[in-house]
Amino acid sequence: MPKGETTDGFHLVIDALKLNDIDTIFGLPGIPITDLTRMAQAEGMRVISFRHEQHAGNAAAAAGFLTGKPGICLTVSAPGFLNGLTALANATTNCFPMILISGSSEREIVDLQQGDYEEMDQLAIAKPLCKAAYRVLHAADIGIGIARAIRAALSGRPGGVYLDLPAKLLAQTMDAAAGQASLIKVVDPAPRQIPAPDAVQRALALLRGARRPLILLGKGAAYAQADADIRALVERTGIPYLPMSMAKGLLPDNHPQSASAARSYVLAEADVVMLVGARLNWLLSHGKGKTWGAPNTKQFIQIDIAPTEIDSNVAIAAPVIGDIGSCVSALLAGIDANWSRPPAEWTAAVADRKDRNLSKMAATLALNPSPMNFHSALAAIREVVKSRPDAIVVNEGANTLDFARSIVDMYEPRKRLDVGTWGIMGIGMGFAVAAAVTTGKPVIAIEGDSAFGFSGMEVETICRYDLPVCVVVFNNNGVYRGTDVNPSGTADVAPTVFVKGARYDRMIEAFGGVGVHATTPAELRKGLEQALASGKPTLINAVIDETAGTESGRITMLNPQAAARKN
Ligand code: ADP
Ligand code: TPW
């Protein structure tokens, strides 16, 4: 580098990201980061520009989950930052690594509250909502700032990190050679954490003594990318397993040991449950209550990287703290040819329940009612996914989510992205864009009509980048169903009701994508197959019986009034 040459904050940010093999930015330009997006593109990074920061943030989070590298979301100050913050908080809740980088106003003015353009103390606001938050004030510290953000996002329990870059910093200049020397290539950003040998032995002893063992795989297990070892653990022990929604496909859903179709039975009856990267939160009824059968009949083994997760809801008899890859391989070392598989009465009982439930499901899926309902529409999608196991499924909604989760089988790891721990609506198009961009594989977004509305404008983004995404909108005219009636007699429709017979397919046509209006499973299947074959951005408006489904899907009972209404 010639003497006297200078660099600036913009370039140091880009160089620091590239040095750490980060090649994509999801964001939305504006003051003060417009030039950062331009320069990043000029420097060879992929810059995916969205219509709203929340979806750029969701894309960064999904990219983090899929790749194990922190996804980057770049926003403008105050309002753009706040729009991105929901995604940052959601990523943290889901244990997905991402970094939200926002431009900010001048500290001197913000701190004296003198009313700067888009004034906001962003660092203070971000702090309680993410894993770590940093601000860089000097160009010479950009390398450190990016390194700390990467480490914080990836090490231990992954999560969201906020990085505040004031406008002035980006324009700061410094000697180019000194700038390059200040950058850090992070060595081993997600260090392995080897479990203690006695913890492994304790877990093995418990598992060995179990009469009715069960393995429960969570999205932490999918994230860990220890696919072969996890499969070996399940297969060598012979223990039935249950995948949480985003762990589906870690082993193919048609695996003989999958207990998904006997979920209620195994949760209630198991005596030893081994959790692998899954928390005992609301999604698992906190590990207690009716779902889990008779009180005091269970013992838990929990594999997790976060020691404080242990005993969060119920007592854990055998915690195994470490990264899933290391923990599972340590357990495997203790499972040799002499390992006795679970008692036949347990595996036979599980198989029996499963067979009965699967035949019931097959009968329901074989029906072809008119209008189409959730089951018949999903039966069509199920067949297409079976023939394209490499496709990524994104899924949100209430009934659309619950039914798709149980009907659409997954065959490969990390092929299913959904509403996650919060049950948040609005992840759809952001996750779909990230899945297409980071993997190059086709994406099928199965969306409730309400769910789709949260990120629907991003179909323009999908068309603009010509991504192989097929959005299927389950259109039943409203939030949950479209049948509610306004009891007051005024002209307004009920709060859950949308415009009837809306043509979502025409939205994508406005941007040059392919719109399909499907009223039968055959039309839906054909549209989806064509979309996958062509790779063209497609939106299928799947017309669903507006009386089908239930309020809130399977979590009706969490509605404060729902229990009372049922009685
Ligand atoms: P699910 O919703 O699928 O049940 P959760 O998000 O509740 O899954 O749980 C994921 C868990 O996995 C978290 O407790 C997190 O600490 C843990 N985790 C994430 N990555 C790893 C890893 N590489 N090794 C060990 N544990 C991990
Ligand atoms: C950010 C509350 C949960 S599910 C849902 C809402 C609004 C939509 C259900 O209707 P949809 O699905 O999508 O048409 P379906 O299959 O039953 O027809 N705001 C946020 N997150 C959540 N979870 C909500 C509101 C909600």
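Helix α14 spans residues 324-333, and seven of its 10 residues are buried, so the helix is largely enclosed by the rest of the structure. Buried means under 20% relative accessible area, exposed over 50%, and partly exposed in between, with a 1.4 Å probe and protein chains only. Helices (H or I, at least four residues) and strands (E, at least two) are DSSP runs, numbered from the N terminus. The buried residues of α14 are I324, G325, S326, C327, V328, L331 and L332. Their cover includes the helices α10 (197-209), α11 (219-223) and α12 (227-237). It also includes the strands β11 (272-276), β12 (299-304) and β13 (318-321).

This is a predicted model: local features need pLDDT of at least 70, side-chain atom pairs count only at pLDDT 80 or more, and totals for chains, interfaces and linings use all residues. Residues are numbered from 1 along each chain as its sequence is written, chains are lettered from A and ligands numbered from 1 in the order in which they are written, and side-chain values use heavy atoms, with hydrogens and water left out.

G277 is found in the loop between β11 and β12. It is buried, with a relative accessible area of 14%. Contact means heavy atoms within 4.5 Å. Leaving aside neighbours within four places in sequence, G277 is in contact with G218, K219, G220, A221, I303, D304 and I324. G277 and I305 are 28 residues apart in sequence, and their C-alpha atoms are 8.1 Å apart in space.

Now step back to the whole chain. It has 23 helices and 19 strands. Its radius of gyration is 25 Å, close to the 24 Å that the globule rule gives for 567 residues, so the chain is as compact as a globular protein of that length. The radius is taken over C-alpha atoms, and the rule is 2.2 Å times the number of residues to the power 0.38. Along the principal axes, the C-alpha atoms fill a box of roughly 80 × 65 × 45 Å. Of the 567 residues, 56% count as buried. Among contacts between residues at least 6 apart in sequence, 77% join residues at least 24 apart.

What lies inside? In soluble globular proteins, nonpolar side chains tend to be buried together. A nonpolar core is a set of buried Ala, Val, Leu, Ile, Met, Phe, Trp, Tyr and Cys residues joined through side-chain atoms within 4.5 Å. The largest one here has 129 residues, and F26 and L417 have the most contacts inside it. Beyond its neighbours within four places in sequence, F26 is in contact with residues including I48, F50, A434 and V437. A second, separate core of 33 residues includes A391, A404, I407 and A548.

I381 sits in helix α16 (residues 374-387). It is buried, with a relative accessible area of 0%. I381 and I407 are 26 residues apart in sequence and 9.1 Å apart in space, C-alpha to C-alpha. Neighbours within four places aside, the contacts of I381 are V408, I446, V472, F474, L524 and L528.

Helix α2 (residues 34-42) has L36, T37, M39 and A40 as its buried residues. They pack against α1 (9-19), β2 (24-27), β3 (46-49), β4 (71-75) and α8 (167-171). After α2 comes G44, with a positive phi near 95°.

Some backbone details stand out. Most residues other than glycine have a negative phi, and most peptide bonds are trans. A cis peptide bond joins I31 and P32, with omega about 5°. P32 is in the loop between β2 and α2. The bond from S370 to P371 is also cis, with omega near -5°. N477 is not a glycine, yet its phi is positive, about 70°. Y480 is not a glycine either, and its phi is positive, about 65°. Y480 is found in the loop between β17 and α21. N477 is buried at 11% relative accessible area, whereas Y480 is partly exposed at 29%.
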